[in-house]
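Trainee: I would like to go through this structure term by term. For each label, please set the value against the definition.

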Amino acid sequence: MADDAPTPAVAATTRAVLDDEHVIVRGLWRGIDVFRWLALAYAAWSTWERHEQIAHPALAVAVLGVLAGWTLAVTLRPVRTVRAYAIELVIGCSAILATRLVDDPGVITAGAKTIPSIWPTAAVVGFAVLRGWRGGLAAASLVAASSFVEVVEPTPNTVTNSIFGLLLGGCIGYCVDLARTSHEALAEAMRLDAARAERDRLARTVHDGVLQTLAFINRRASDLGGEAARLGAMAGEQERILRTLVSQTDLAEVGRAVSGDADLRGLLRHVERDGVQLVSPADAVLLPRRVADEVVAAVEAALDNVRQHAGDDARAWVLLDDAGDEVAVTIRDSGRGVPSGRLQQAVAQGRLGVSSSILGRLADLGGTATVSSGPAGGTTVEMRIPNQRTGRHPSRHHGRQPERGADRQADARSRGRGAP
């Protein structure tokens, strides 16, 4: 089995792909950090180049000092959050607007560069990485608006720089969105491949003898009948799940086999034996597996009570009805019935068979269960379970008439055999 284990290099690469940001996104973060320093150097050089035109050099140096302080701070302690880049965007736009305090109006309208120059573009790219193309366009629009307010009368350079900023923010944001989508798809594909590899490894350890043994137990127990039939049905269900696990290539099918929906009709077939008849609709009655198992356990508890208390000659009928929004299971017997107040007396004596195994189970499932006896004898246990499954086929429950018809037929058969 050593050949199945991934090499350390492959394992490390897999962890890097699954745990880290996409390589493009990580590269952009590093690029922003470098760009911020280059943009600061360019802003300082541009200011020095035209220092003779600047009306208030000290204020220009102060603005550059603020930009340098922020650049140093985020370099020493990088923060990749919307709040941090929002602060940087405010600093950049404020520096653009501060140019009106540094330069004379004539110099500004002549097309002079702003004090921060291209430094605010780092915030635009940061928003594009954080929030995709929408964030990039929003940040670029704010920078462009600040530039138009600063210049008052737009120059060709202002228009060109604004369009360039919008294109930069939108294109980088779109590329980041694609990178993150591909990263998620790759991570999901690697997870599925790992699950398939693990499933294949487990399949090689399960010999055919296990499946054959379960199938033999199922067949033999069905021939024996009685309590053995119940054990056989359990073995058959486990065989089906195990066979699905070792043979299916579709992981979704494996998930449905283990924890998906279950056909209540199939799970109740083992209760049918001498003296017990199961009446069910033609279509599958699907419930979540946990719910279906609890319903089966409640039905078995009800039939145990029939065997213990209804009498040796009593017969029982299990009627299954799917009404779409709820599933009804009715257990009727032809026994001596339950005297009035007997269930309450049993609870007081600490005998919780009916109240816990039947009523309690149904209450936990959000359903209801009632126990009643007729004047001529016999007991009826009616269970109603809400069915919250989605995507049911419309032909299954256009109306309740087909199920009611099946119920009436079951009632007629049960009366013909002596049920109350």
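Mentor: Begin with angles: those under 35 degrees count as roughly parallel, over 145 as roughly antiparallel, 65 to 115 as roughly perpendicular and the rest as oblique. This is a predicted model, in which local features need pLDDT of at least 70, side-chain atom pairs count only at pLDDT 80 or more, and totals for chains, interfaces and linings use all residues. Residues are numbered from 1 along each chain as its sequence is written, and side-chain values use heavy atoms, with hydrogens and water left out.

Trainee: Why are helix 2 and helix 6 called roughly antiparallel?

Mentor: Helix 2 (residues 23-49) and helix 6 (residues 121-151) pack at about 165 degrees, with axes 10 Å apart. Axes are lines fitted to C-alpha atoms, for helices over the stretch in contact, and angles run from 0 to 180 degrees between N-to-C directions. The limit is over 145, so the pair is roughly antiparallel. The crossing of helix 2 with helix 6 is left-handed, meaning that the near helix is turned anticlockwise from the far one by less than a right angle; clockwise would be right-handed.

Trainee: Which residues of helix 2 and helix 6 meet?

Mentor: Contact means heavy atoms within 4.5 Å. From helix 2, Val 25, Leu 28, Trp 29, Ile 32, Phe 35 and Arg 36 take part, and from helix 6, Thr 121, Ala 122, Val 125, Gly 126, Val 129 and Leu 130. These residues divide into 9 nonpolar, 2 polar and 1 charged. Ala, Val, Leu, Ile, Met, Phe, Trp, Tyr, Cys and Pro count as nonpolar, Asp, Glu, Lys and Arg as charged, and the others, Gly among them, as polar.

Trainee: How many helices and strands does the protein have?

Mentor: There are 15 helices and 7 strands. Helices (H or I, at least four residues) and strands (E, at least two) are DSSP runs, numbered from the N terminus.

Trainee: What makes strand 4 and strand 5 a pair?

Mentor: Two strands pair if DSSP finds at least two bridges between them. Strand 4 and strand 5 have 7 bridges, in the antiparallel sense. One of the bridges puts Trp 317 with Arg 332 in strand 5. The two strands form a hairpin with 3 residues between them, and Gly 324 in the turn has a positive phi of about 90 degrees. Strand 5 is also joined to strand 7 by 7 bridges, again antiparallel, with Ala 328 opposite Arg 384.

Trainee: What sheet do the strands form, and in which order?

Mentor: An open sheet of 5 strands has the order 2-4-5-7-6, with mixed pairing. Strand 2 (276-279) and strand 6 (368-374) are the edges, each pairing on one side only. The twist averages 15 degrees from one strand to the next. Helix 12 (residues 289-309) packs on the sheet and touches strand 2, strand 4 (316-322), strand 5 (326-333) and strand 7.

Trainee: Is Glu 300 buried or exposed?

Mentor: Buried means under 20% relative accessible area, exposed over 50%, and partly exposed in between (1.4 Å probe, protein chains only). Glu 300, found in helix 12, has 14% relative accessibility and therefore counts as buried. Leaving aside neighbours within four places in sequence, Glu 300 is in contact with Arg 230, His 270 and Val 271.
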